[in-house]
Amino acid sequence: MLVLESTHTTNKYSQMNTENIKFKPWIIYGPIVVWLLFWFGSLIGYIFSGLEEYVPWCIPHFEGCTSVSKAGRYGTSFYLFKILLIPATILLFIYWIDVYRWQRFQRILSARLATLILVSGCIGAVFLIAHLTALGLDCEICRTFRNYGTKGFFVFTIAAQWMLYFHLRSTFSKELSTRCFFVICVLVTFEMLLSGTVQFFWEDTRWIENGIAWRSTFYLSFAPFLVSKLWKR
(Lines give C-alpha, C1' and ligand atoms only; values in the text may rest on other atoms or scores of the structure.)
Protein backbone atom coordinates (compact mmCIF):
# COMPACT_ATOMS: atom_id res chain seq x y z
CA MET A 1 0.00 0.00 0.00
CA LEU A 2 2.82 2.37 0.91
CA VAL A 3 4.59 1.53 -2.34
CA LEU A 4 1.47 2.32 -4.37
CA GLU A 5 0.96 5.66 -2.57
CA SER A 6 4.62 6.56 -3.06
CA THR A 7 4.43 5.75 -6.78
CA HIS A 8 1.21 7.75 -7.15
CA THR A 9 2.75 10.74 -5.37
CA THR A 10 5.89 10.57 -7.53
CA ASN A 11 3.83 10.46 -10.73
CA LYS A 12 1.73 13.37 -9.52
CA TYR A 13 4.74 15.58 -8.84
CA SER A 14 6.36 14.50 -12.10
CA GLN A 15 3.23 15.56 -13.99
CA MET A 16 3.14 18.89 -12.17
CA ASN A 17 6.78 19.57 -13.00
CA THR A 18 6.18 18.73 -16.66
CA GLU A 19 3.19 21.06 -16.84
CA ASN A 20 5.20 23.87 -15.29
CA ILE A 21 7.88 23.65 -17.98
CA LYS A 22 6.90 26.22 -20.60
CA PHE A 23 8.71 27.69 -23.54
CA LYS A 24 10.33 31.06 -22.81
CA PRO A 25 11.20 33.26 -25.80
CA TRP A 26 14.25 35.46 -25.73
CA ILE A 27 12.10 38.59 -25.95
CA ILE A 28 8.65 37.96 -24.47
CA TYR A 29 6.86 40.93 -26.02
CA GLY A 30 8.94 40.96 -29.22
CA PRO A 31 6.15 39.80 -31.59
CA ILE A 32 3.63 42.40 -30.44
CA VAL A 33 6.30 45.11 -30.62
CA VAL A 34 7.04 44.01 -34.21
CA TRP A 35 3.37 44.38 -35.05
CA LEU A 36 2.96 47.81 -33.43
CA LEU A 37 6.20 49.27 -34.78
CA PHE A 38 5.47 48.17 -38.34
CA TRP A 39 1.90 49.40 -38.28
CA PHE A 40 2.35 52.70 -36.49
CA GLY A 41 5.90 53.33 -37.69
CA SER A 42 4.97 53.20 -41.36
CA LEU A 43 1.79 55.22 -40.78
CA ILE A 44 3.57 57.91 -38.79
CA GLY A 45 6.27 58.07 -41.46
CA TYR A 46 3.62 58.50 -44.16
CA ILE A 47 1.86 61.24 -42.18
CA PHE A 48 5.09 63.24 -41.79
CA SER A 49 5.89 62.78 -45.48
CA GLY A 50 2.43 64.09 -46.31
CA LEU A 51 2.75 67.06 -43.96
CA GLU A 52 6.12 67.94 -45.47
CA GLU A 53 4.61 67.52 -48.98
CA TYR A 54 6.90 64.73 -50.14
CA VAL A 55 3.97 62.43 -50.93
CA PRO A 56 0.29 63.07 -51.79
CA TRP A 57 -2.53 62.41 -49.35
CA CYS A 58 -4.60 59.26 -49.80
CA ILE A 59 -5.29 55.88 -48.21
CA PRO A 60 -2.13 54.18 -49.54
CA HIS A 61 -3.32 50.64 -48.72
CA PHE A 62 -6.13 50.98 -51.27
CA GLU A 63 -5.36 53.98 -53.45
CA GLY A 64 -1.61 53.32 -53.74
CA CYS A 65 -0.72 56.97 -54.28
CA THR A 66 2.80 56.30 -52.94
CA SER A 67 5.01 53.36 -52.06
CA VAL A 68 6.03 52.39 -48.55
CA SER A 69 9.66 53.15 -49.28
CA LYS A 70 8.96 56.59 -50.74
CA ALA A 71 7.00 57.48 -47.60
CA GLY A 72 10.18 56.94 -45.58
CA ARG A 73 12.74 58.33 -47.97
CA TYR A 74 12.69 62.07 -47.28
CA GLY A 75 12.60 64.63 -44.49
CA THR A 76 11.58 63.62 -40.99
CA SER A 77 10.35 60.23 -42.19
CA PHE A 78 13.88 59.33 -43.26
CA TYR A 79 14.83 59.23 -39.57
CA LEU A 80 11.52 57.86 -38.29
CA PHE A 81 11.65 54.83 -40.57
CA LYS A 82 15.15 53.97 -39.45
CA ILE A 83 14.46 54.61 -35.75
CA LEU A 84 11.21 52.61 -35.67
CA LEU A 85 11.34 50.02 -38.45
CA ILE A 86 14.95 48.83 -38.27
CA PRO A 87 14.53 47.80 -34.58
CA ALA A 88 11.23 46.16 -35.57
CA THR A 89 13.01 44.12 -38.23
CA ILE A 90 15.76 43.13 -35.80
CA LEU A 91 13.03 41.89 -33.46
CA LEU A 92 11.55 40.01 -36.42
CA PHE A 93 14.92 38.32 -36.91
CA ILE A 94 14.95 37.32 -33.23
CA TYR A 95 11.35 36.12 -33.57
CA TRP A 96 12.38 33.55 -36.17
CA ILE A 97 15.08 32.30 -33.81
CA ASP A 98 12.44 31.95 -31.10
CA VAL A 99 10.19 30.06 -33.54
CA TYR A 100 13.05 27.61 -34.12
CA ARG A 101 13.66 27.26 -30.36
CA TRP A 102 9.94 26.72 -29.79
CA GLN A 103 9.74 24.02 -32.46
CA ARG A 104 12.73 22.20 -30.99
CA PHE A 105 11.23 22.61 -27.51
CA GLN A 106 8.10 20.82 -28.69
CA ARG A 107 10.15 18.06 -30.35
CA ILE A 108 7.44 17.58 -32.96
CA LEU A 109 8.98 19.09 -36.08
CA SER A 110 12.14 17.57 -37.58
CA ALA A 111 15.38 19.45 -37.01
CA ARG A 112 15.90 19.83 -40.77
CA LEU A 113 12.51 21.46 -41.42
CA ALA A 114 12.80 23.66 -38.32
CA THR A 115 16.20 24.84 -39.56
CA LEU A 116 14.78 25.53 -43.02
CA ILE A 117 12.07 27.74 -41.51
CA LEU A 118 14.69 29.51 -39.40
CA VAL A 119 17.01 30.19 -42.34
CA SER A 120 14.22 31.35 -44.66
CA GLY A 121 12.69 33.69 -42.06
CA CYS A 122 16.03 35.18 -41.01
CA ILE A 123 17.13 35.75 -44.61
CA GLY A 124 13.88 37.61 -45.25
CA ALA A 125 14.51 39.81 -42.21
CA VAL A 126 18.09 40.53 -43.34
CA PHE A 127 16.81 41.60 -46.78
CA LEU A 128 14.41 44.04 -45.13
CA ILE A 129 17.12 45.43 -42.83
CA ALA A 130 19.30 46.05 -45.90
CA HIS A 131 16.39 47.80 -47.65
CA LEU A 132 15.58 50.04 -44.69
CA THR A 133 19.25 50.91 -44.12
CA ALA A 134 19.70 51.97 -47.75
CA LEU A 135 16.38 53.83 -47.89
CA GLY A 136 16.92 57.50 -48.77
CA LEU A 137 20.66 57.09 -49.42
CA ASP A 138 21.99 57.95 -52.88
CA CYS A 139 24.55 55.40 -54.06
CA GLU A 140 24.69 52.53 -56.53
CA ILE A 141 24.77 49.76 -53.95
CA CYS A 142 21.99 51.51 -52.01
CA ARG A 143 19.73 51.33 -55.06
CA THR A 144 20.52 47.63 -55.38
CA PHE A 145 19.62 47.06 -51.73
CA ARG A 146 16.37 48.98 -52.16
CA ASN A 147 15.37 47.11 -55.33
CA TYR A 148 16.06 43.61 -54.05
CA GLY A 149 15.48 44.17 -50.34
CA THR A 150 11.69 44.16 -50.40
CA LYS A 151 11.52 41.35 -52.97
CA GLY A 152 13.80 39.15 -50.90
CA PHE A 153 11.84 39.97 -47.76
CA PHE A 154 8.51 38.96 -49.25
CA VAL A 155 9.77 35.80 -51.00
CA PHE A 156 11.68 34.31 -48.06
CA THR A 157 9.21 35.44 -45.39
CA ILE A 158 6.19 34.04 -47.22
CA ALA A 159 8.01 30.74 -47.76
CA ALA A 160 8.83 30.56 -44.04
CA GLN A 161 5.24 31.42 -43.13
CA TRP A 162 3.78 28.61 -45.22
CA MET A 163 6.21 26.03 -43.84
CA LEU A 164 5.40 27.19 -40.34
CA TYR A 165 1.66 27.01 -41.01
CA PHE A 166 1.78 23.33 -42.01
CA HIS A 167 3.48 22.64 -38.68
CA LEU A 168 0.85 24.64 -36.80
CA ARG A 169 -1.96 22.87 -38.66
CA SER A 170 -0.71 19.47 -37.57
CA THR A 171 -0.37 20.50 -33.93
CA PHE A 172 -2.75 23.41 -33.24
CA SER A 173 -5.38 23.02 -35.96
CA LYS A 174 -8.28 23.99 -33.71
CA GLU A 175 -6.69 27.17 -32.35
CA LEU A 176 -8.06 30.52 -33.56
CA SER A 177 -4.52 31.85 -33.99
CA THR A 178 -3.72 29.04 -36.43
CA ARG A 179 -6.80 29.77 -38.52
CA CYS A 180 -6.02 33.50 -38.61
CA PHE A 181 -2.43 32.69 -39.51
CA PHE A 182 -3.68 30.64 -42.45
CA VAL A 183 -5.81 33.55 -43.64
CA ILE A 184 -2.74 35.81 -43.57
CA CYS A 185 -0.72 33.29 -45.59
CA VAL A 186 -3.48 33.08 -48.20
CA LEU A 187 -3.93 36.86 -48.39
CA VAL A 188 -0.23 37.59 -48.81
CA THR A 189 0.18 34.85 -51.42
CA PHE A 190 -2.81 36.19 -53.34
CA GLU A 191 -1.37 39.72 -53.18
CA MET A 192 1.99 38.54 -54.53
CA LEU A 193 0.33 36.62 -57.38
CA LEU A 194 -1.77 39.68 -58.16
CA SER A 195 1.36 41.84 -58.24
CA GLY A 196 3.00 39.47 -60.71
CA THR A 197 0.04 39.15 -63.08
CA VAL A 198 -1.65 42.56 -63.04
CA GLN A 199 0.95 44.02 -65.41
CA PHE A 200 -0.36 41.76 -68.18
CA PHE A 201 -3.79 43.43 -68.07
CA TRP A 202 -3.04 47.11 -67.35
CA GLU A 203 -0.26 49.47 -68.36
CA ASP A 204 -0.15 51.70 -65.29
CA THR A 205 0.08 49.27 -62.37
CA ARG A 206 2.25 51.31 -60.02
CA TRP A 207 -0.69 52.27 -57.78
CA ILE A 208 -1.80 48.62 -57.57
CA GLU A 209 1.69 47.44 -56.65
CA ASN A 210 2.01 50.19 -54.04
CA GLY A 211 -1.25 49.17 -52.39
CA ILE A 212 -0.19 45.52 -52.40
CA ALA A 213 3.10 46.38 -50.66
CA TRP A 214 1.31 48.38 -47.96
CA ARG A 215 -1.24 45.66 -47.28
CA SER A 216 1.21 42.76 -47.41
CA THR A 217 3.58 44.44 -44.98
CA PHE A 218 0.72 44.92 -42.55
CA TYR A 219 -0.34 41.26 -42.90
CA LEU A 220 3.14 39.87 -42.35
CA SER A 221 3.89 42.08 -39.36
CA PHE A 222 0.76 40.79 -37.59
CA ALA A 223 1.64 37.11 -38.12
CA PRO A 224 4.33 36.89 -35.36
CA PHE A 225 1.80 38.07 -32.80
CA LEU A 226 -0.58 35.25 -33.78
CA VAL A 227 2.15 32.62 -33.52
CA SER A 228 3.29 33.93 -30.14
CA LYS A 229 -0.21 33.24 -28.77
CA LEU A 230 0.54 29.54 -29.24
CA TRP A 231 3.82 29.56 -27.32
CA LYS A 232 2.01 28.99 -24.02
CA ARG A 233 0.03 26.01 -25.33
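**Close-up views: cavities, pockets and a kinked helix**

**View 1. The second largest cavity has a volume of about 40 Å³.** The model is predicted: local features need pLDDT of at least 70, side-chain atom pairs count only at pLDDT 80 or more, and totals for chains, interfaces and linings use all residues. Residues are numbered from 1 along each chain as its sequence is written, and side-chain values use heavy atoms, with hydrogens and water left out. A cavity is a set of points, on a 1 Å grid over the protein atoms alone, where a 1.4 Å probe fits but cannot get out; a pocket is an open set with protein on both sides within 12 Å along at least five of seven lines. Lining residues have an atom within 4 Å of a point. Grid points are joined across faces, edges and corners, and a volume is the space filled by probe spheres set on the points. Ile158, Gln161, Trp162, Ile184, Cys185, Val188, Thr189 and Leu220 line the second largest cavity. Two or more of these residues come from each of α7 and α8. Helix α8 gives the largest share, four residues. The lining has six nonpolar, two polar and no charged residues. Here Ala, Val, Leu, Ile, Met, Phe, Trp, Tyr, Cys and Pro count as nonpolar, Asp, Glu, Lys and Arg as charged, and the others, Gly among them, as polar.

**View 2. The largest cavity holds about 60 Å³ of space.** Of its 13 lining residues, Leu92, Phe153, Leu220, Ser221 and Pro224 are closest to the centre. Helices α2, α5, α7 and α9 each give two or more residues to this lining. The largest share, five residues, comes from α9. Nine lining residues are nonpolar, four are polar and none is charged. The count of cavities of 30 Å³ or more comes to three.

**View 3. The largest pocket has a volume of about 980 Å³.** Its lining comprises 32 residues; Ser67, Ser69, Thr150, Asn210 and Ala213 lie nearest the centre. Elements giving two or more residues are α2 (30–51), α4 (68–71), α5 (75–106), α6 (111–134), α7, α8 (176–197) and α9 (206–228). Helix α7 gives the most, with eight residues. The lining divides into 15 nonpolar, 11 polar and six charged residues.

**View 4. The second largest pocket has a volume of about 350 Å³.** Among its 13 lining residues, those closest to the centre are Pro25, Ile28, Ser228, Trp231 and Lys232. Helices α2 and α9 each supply at least two lining residues. By class, eight are nonpolar, one is polar and four are charged.

**View 5. Helix α7 has a kink of about 30°, centred on Tyr148.** The bend at a residue is the angle between axes fitted to the seven residues ending there and the seven starting there. Why should α7 span 46 Å? The helix has 32 residues (140–171), at 1.5 Å a residue, and the expected span is 1.5 Å times one less than the number of residues. Its end C-alpha atoms are 47 Å apart, which agrees.

**View 6. The whole chain has nine helices and zero strands.** Helices (H or I, at least four residues) and strands (E, at least two) are DSSP runs, numbered from the N terminus. The C-alpha atoms fill a box of roughly 85 × 35 × 30 Å, taken along the principal axes. Of the 233 residues, 44% are buried, meaning under 20% relative accessible area (1.4 Å probe, protein chains only).

Technical notes. Buried < 20%, exposed > 50% of the residue type's maximum accessible area, 1.4 Å probe, protein only.
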